[in-house]
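Please view the sequence and the structure below before reading on.

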Amino acid sequence: MAPDTVSLRYFLVLAEELNFTRAAARIGIAQPALSARMRRLEAQLGTALMVRDTRSVALTAAGAALAESAPPALAALDRAWESARSAAAGQLGTLRIGYSLSAGAGTAPALVERLTRGNGGLQVGAVPMATPEISPAVADGRLDAGITRGEQPAPGVRRLLLRRARTGVQLAQHHPLAARAEIEVADAAAYPLRLPDRTANPLVHDQLSALFRDVRPHPRFRTAAVSYDMSQRDLRDGLTLAPAGETATTAQPAGLTWRPLRGAPDLTYHLVLPREQTPLHRRVRAVAEALAHELHWLPD
């Protein structure tokens, strides 16, 4: 038979006070109710826990053993209950997040930091991935969540608009256009434009190249030799401009700056979650929505 944990907690108070009147007052119940609880507890155990007289209480050997062993058992039970509540609230477990490299500039780190702040029960692993791979990995369970630039198409997922960022260009600080507060699309198109490889992110590649669709003569597009060029030498040397969202300024290499393109549509960042969501997924969404509001990632 499962122990009556309420009566057991009452017994521990009585074992400290060794007086029914004081113990009942401390618990906040009537003395006859406490006496009835103790009788039921003794009946359940099949042994006396205390010897009573008109003025005092003394513990039996069984009562002393119970008073010593019950507190750690109740503490373990409390931890088990708290673990269950935390799991139900999405505050416990392991969370796997995939993010595109562009989302690594401020967006993904801010979300991971907020999810883990003051929450040691939640372990978060975040890894950069090729953008087209993220949504399918969320759909089939290899990832719990993803952050992508652009509304990447994939079945079996739900998307939450997480952030809007102005579209502009990265360029060398010494570039002639860097002196302007905003750059006209046609003026940027007069220089070679550095775009990500289309196979790495077709949606964003097409979105950025579409900015210059109506410019004549057609601009010259260049693709970096590697998918993520850490040196960005052609930019620093002033040979090219790189269309990019404003988030690029959060992790910008020395020698580069960013300027907005006048009239260009915003780039968007999306949180990707599976269609069937657990409490952990719902917590990620709630934290992401609160963070987007707090950091003004979306227009009011």
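Rings of Phe, Tyr and Trp (its six-membered ring) count as a pair if their centres lie within 6.5 Å, and planes over 60 degrees apart make the pair edge-to-face. The model discussed here is a predicted one.

**Aromatic pair**

One aromatic pair is found when the whole structure is searched. The partners are Phe212 and Phe221, whose ring centres are 6.3 Å apart and whose planes stand at 65°, an edge-to-face arrangement. Phe212 is buried, its relative accessible area being 1%. Phe221, with a relative accessibility of 39%, is classed as partly exposed.

**Strand β5**

Strand β5 spans residues 145-149, and five of its five residues are buried, so the strand is largely enclosed by the rest of the structure. Ala145, Ile147 and Arg149 point one way from β5, while Gly146 and Thr148 point the other way. The neighbour of β5 described here is strand β12 (residues 267-274), to which β5 is joined by four bridges in an antiparallel pairing. Within this pairing, Gly146 is placed opposite Val272 of β12.

**Helix α6**

Helix α6 covers residues 131-139, and its buried residues include Thr131, Ile134, Ser135, Ala137 and Val138. These residues lie on the same side of α6, because the arc they cover around the axis is only 165°. An α-helix has 3.6 residues a turn, so residues three or four places apart point the same way. Just after α6, Gly141 adopts a positive phi of about 90°.

**An open sheet of three strands**

The strands β10, β7 and β11 form an open sheet in the order β10-β7-β11, with antiparallel pairing. Strands β10 (242-245) and β11 (256-260) stand at the edges; each has a single partner strand, so one side of each is left without a neighbour in the sheet. From one strand to the next, the twist averages 40°. Strand β7 (residues 167-172) is joined to β10 by four bridges, and Gly168 stands opposite Ala244 in β10.

| Strand pair | Bridges and direction | Residues standing opposite |
|---|---|---|
| β5 and β12 | four bridges, antiparallel | Gly146 and Val272 |
| β7 and β10 | four bridges, antiparallel | Gly168 and Ala244 |

Key
Residues numbered from 1 in each chain as written. Predicted model: local features only at pLDDT ≥ 70, side-chain atom pairs only at ≥ 80, totals over all residues. Heavy atoms only, no water. Phe/Tyr/Trp six-rings, centres within 6.5 Å; stacked < 30°, edge-to-face > 60°. Buried < 20%, exposed > 50% of the residue type's maximum accessible area, 1.4 Å probe, protein only. Helix = DSSP H or I, 4+ residues; strand = E, 2+ residues; numbered from the N terminus. Pairing = 2+ DSSP bridges. Arc of directions from axis to C-beta. Axes fitted to C-alpha atoms, helices over the stretch in contact; angles between N-to-C directions.
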